[in-house]
Amino acid sequence: MPRGAEGLLEVLAAHGVEVVFGLPGVHNLAVWEALQQHPGIRMIGVRHEQTAVYAADGYARATGKLGVAVVTTGPGAANTLGATGEAWASGSPVLVIATDVPSTLRQPGVYRGVLHETRDQRAMFGPVTKASFDVPSAQELGAYADKAVQQALQSPHGPVYLGVPTDFLSAEVPRHIPSKNEQAHVVGDLAEAVELITRASRPLIWAGGGAARSGAGAAVGALADKLSAPIITTYGGRGLTDSRFVVRGPVHAPPVGKLWDSADLVIAIGTDFDGMMTQNWLQPAPRALLAVNVDKADANKNYPADVTVEGDAAAVTAALVAVVGEKDAAVDVGAVNAEVRALAEADSPEAVKLLRALEGTDATIVADMCIPGYWIGGFHHVTRERGLAYPVGWGTLGFGFPAAIGAAVEHRTIAVVGDGGFLFACGDLATLSQENLPLTIVLVDDGGYGMLRYDQQVANHTISGVDLTRPDFAKLAESFGIPAVTLEGFDGLRDALDDVAGPAMIVVNASLEPPINTSPRWYRKNTTRSSA
């Protein structure tokens, strides 16, 4: 019979897990030891537990596979909560495996003072996970690991917590044969949906992260072709399809907002119309709404739908393509895209230089919560499915660099970060160097928390707390053996990106104004305020 740690890895391997991210601790060392005998799973050791989950999240977003983080008990588990919350809000399939104190020393409801003990470690994860489990006995470790993986990968995706008392990892356990993670995609009656589409003369497709996670890109593109309908993608849906009908800008731009206002039918695919995309629901309810979603309640919580088709986004959309009739174009999407780009050019020529430097790259782009990241999230035209990861689920500053570590495991990656957010996880330059990942960090240094500085300026508040003492970032990277260059402004950024392949840092000394998709500049909010 295998030991618990070996049995745990067998379950993960049976589900196709090839890489896990983690930090060793006194209670989880058995997992690290078992990994030495399990060459099919690569362990990437990071320098902070939060990085382990961010990296697992970045890996999941870039690949569509399960991201796994292995951390230790108590403070190690607690350190993951911010990153787990981002995975939860963004619907990322992530499994957080945390050890707990030995079962033999635990007394239910009593804090005894065992090393790393908490009164209820699992309870910490309740608000930020799709599901959470404590393994009740060593004999059930494999079955619970299987259940946790299944939950994370079952639509709607999300992070799952698995707590394992440390003594279970060294106990003999029965070998568990995982069940296959197969989901039947049954499409129900489409008659009402087809009737809505048939009546519409100006349909608009709104595709979100659920559409991306289901692999609905081809079907969404085919539906747009048939209906000649513009496609607005949310931050989570960027790169879903490179159809000629994709709108290359955020709905926060007035030319794009007009598409919403003028549509007589919105076809919402895999989205919940969150506040960040709708300017906190200042977008008026659509005249008619068809929702496609695996969760009917989620589809209707913000804008009630006239018709909801509950099911997998890819399967339902493909079924619609097969039965709806063709329509003539009511909107010139090319003209809208030209208007959006002209607006961006007039707003910030410097930001557009950044966007141009990233055009045509086949790298995965991971953007942090920083002004350059906001420009990328809003205006960078993503041409590849899963080509952009952007943390506007929970909006966690410091996501960009560690998530890019995960994304870079299987694909060349560019992390665009600010100086403030990068410092959250700069110690993981050691991980980047150690693993020799194809990751280039583009660090835009504006002297601190640029977005917060802008917030204070527009509110006529005293500038405080936002101007930071920073290291020489290029020398910091070089101290870890990572080549670095420094640019004054974004001129030359594309050449610098083309010159690197492995781990590298490009420091750009530049200050940008935030774009119109940041909340202080939401035009619907400001229009409402000015007309009040």
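The following conversation concerns the fold of a predicted model.

Visitor: What should I know about the model first?
Guide: The model is predicted, so local features need pLDDT of at least 70 and side-chain atom pairs count only at pLDDT 80 or more, while totals for chains, interfaces and linings use all residues. Residues are numbered from 1 along each chain as its sequence is written, and side-chain values use heavy atoms, with hydrogens and water left out.

Visitor: How many helices and strands does the chain have?
Guide: The chain has 24 helices and 17 strands, taken as DSSP runs numbered from the N terminus (helices H or I, at least four residues; strands E, at least two).

Visitor: In what order do the 6 strands of the open sheet lie?
Guide: The order is β2-β1-β3-β4-β6-β5, with parallel pairing; two strands pair if DSSP finds at least two bridges between them.

Visitor: Which strands stand at the edges?
Guide: They are β2 (42–45) and β5 (131–134); each has a single partner strand, so one side of each lacks a neighbour in the sheet.

Visitor: And what does Phe21 stand opposite?
Guide: Phe21 stands opposite Ala69 in β3. Strands β1 (residues 19–22) and β3 (residues 67–71) pair in the parallel sense over 2 bridges.

Visitor: Changing topic, what share of the chain is buried?
Guide: Buried residues (under 20% relative accessible area, 1.4 Å probe, protein chains only) make up 58% of the 532 residues.

Visitor: What are the spans of the C-alpha trace?
Guide: Along the principal axes of the chain, the C-alpha trace spans about 65 × 60 × 45 Å.

Technical notes
Buried < 20%, exposed > 50% of the residue type's maximum accessible area, 1.4 Å probe, protein only.
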